[in-house]
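Hi there,

Here is the structure I promised to pass on to you. Have a look at it first, and then read my notes below.

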Amino acid sequence: MGSTFFHASLEYAQQLDREDSLRRFREEFYLRPDTIYMDGNSLGLLSKRAEKTLLESLEDWKHYGIDGWTNGTHPWFFLSEKLGESIAPLIGASPDEVIVTGSTTVNLHQLTATFYKPKGEQTKILADELTFPTDLYALQSHLRTRGYDPDEHLICVKSRDGRLIEEEDIIEEMTDEVALIILPTVLYRSGQILDIKRLTAEAHKRNILIGFDACHSIGAIPHSFSEWDLDFAYWCNYKYLNGGPGAVGGLYVNRRHFGTSPGLAGWFGSRKDKQFDLEQTLTHTESAGAYQIGTPHVLSVAPLIGSLEIFAEAGIENIRRKSLAINQYFMDLIEHELADLGYVIGNPRLDHQRGGHVSLEHKEAARICKALKENGVIPDFRSPNIIRLAPVALYTSYEDVWKVVQTLKVIIEEKQYEKFSTGREIVA
Ligand SMILES: *Cc1c(COP(=O)(O)O)cnc(C)c1O
């Protein structure tokens, strides 16, 4: 297929759907017939397999009571480790470097408590101004607890255009005063991918530890954490991984750091064979499991068991291939159909720099999002002017994308958005 072979027709979208090798996975998800769901980058949809493993876990509780820790379909005592093994191929790490535990923010707290070790002049933390705010809040609070003023000790790399962060600008801020760097793998608004390998190498040249927030890349993009050699990472499992609202998150710790005592210790960080000795001193395990805190939230992790089976079957490389193709189709169609209607594509255009969603900018974004919902399309809005739209490889069809673009068109052409108030909803 040559690059000039692009049609704006519905028939062409349907042809792409027929050629889609991941097409069969769409039937595994609960899609509403009257709705096109474009928000899988905020909360992934429920699959039948995730539902099944959640119900099985309830059955295990019903049947086994306390013995569900070691019996049943999915024994709870080793579940976090087992799920870590299933996630390892998605991030290119060894199974013992990954654990399913906590949440994004809690895991960042744990990892900062563990790896932020200010000494001498090396006391600052480096982040970026476009990162998801919870990361900044967490880092600011750590600085305060250690007696440092966050205004001085948290350095936020500035964006030149409000959308992207230049890697050169990050590297320039890696001074002798920096002890720890926290960056996103993919920026949540513009979908920009940062070059983790390069940034890690630059940080390590300067003896700085570096960790990444992988919320917007896990399940959408393959990673090679072992090869890239970053120190740690953390993420949520409810976005592209479809683990359900409030699903338990995950973390990765490079095996080089096994043995480092957890900053926030708890009995689930124990060596498994010693945990029920209930001694007064923790003997933490020599794996990512050491950074667990308390009892796992079994019912909030159970859907992930089924969901990860789908990822193992589909293959993360295939998922990325379709994600790139369907997002490219989306952008081509936007440019073809929506020219002169005020829409601007704000995400990077090169494959190696773009994540799983299109970041569509419009000065009427807030009202357009409300009109989209009225038309049965679920986007999300990021103030002040971004409409995030994620065609998700496992369940979004090319026909869906075609319909979304037609909807974006009529909303402006018919001035439908004028019916709505400006400003965001309580949950945007
Ligand atoms: C979604 C998201 C979070 C959310 O953190 P929680 O602790 O799960 O609420 C954090 N960081 C980024 C980059 C995100 O996209």
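The ligand sits in the largest pocket. A pocket here is an open set of points on a 1 Å grid over the protein atoms alone, with protein on both sides within 12 Å along at least five of seven lines, and a molecule sits in it if more than half of its atoms lie within 2 Å of its grid points.

Before you go on, please note that this is a predicted model, where local features need pLDDT of at least 70 and side-chain atom pairs count only at pLDDT 80 or more, while totals for chains, interfaces and linings use all residues. Residues are numbered from 1 along each chain as its sequence is written, and side-chain values use heavy atoms, with hydrogens and water left out.

Which residues surround the ligand? They are Ser103, Thr104, Thr105, Phe132, Thr134, Asp135, Asp213, Cys215, His216, Tyr238 and Lys239 (each has a heavy atom within 4 Å of the ligand). Helix H4 (104-115) and helix H5 (133-145) each supply at least two residues of this shell; helices are DSSP runs (H or I, at least four residues) and strands are runs of E (at least two), numbered from the N terminus.

Some polar contacts (N or O atoms within 3.5 Å) are worth a look.
- threonine 104, at 3.1 Å
- threonine 105, at 2.5 Å
- lysine 239, at 2.5 Å

The protein covers 85% of the 390 Å² of accessible area that the ligand has on its own (Shrake-Rupley method, 1.4 Å probe).

Now for the backbone. Most residues other than glycine have a negative phi, and most peptide bonds are trans. Asparagine 207, however, has a positive phi of about 65°, and it is found in the loop between helix H8 (196-205) and strand E6 (209-213). The peptide bond from serine 383 to proline 384 is cis, with omega near 0°. Proline 384 is found in the loop between strand E12 (380-382) and E13.

Happy exploring!

Terms used: A polar contact is a pair of N or O atoms within 3.5 Å; within protein, one must be able to donate a hydrogen and the other to accept it, and residues adjacent in sequence count only if both atoms are side-chain atoms. On a 1 Å grid over the protein atoms alone, a cavity is a set of points where a 1.4 Å probe fits but cannot get out, and a pocket is an open set with protein on both sides within 12 Å along at least five of seven lines; lining residues have an atom within 4 Å of a point.
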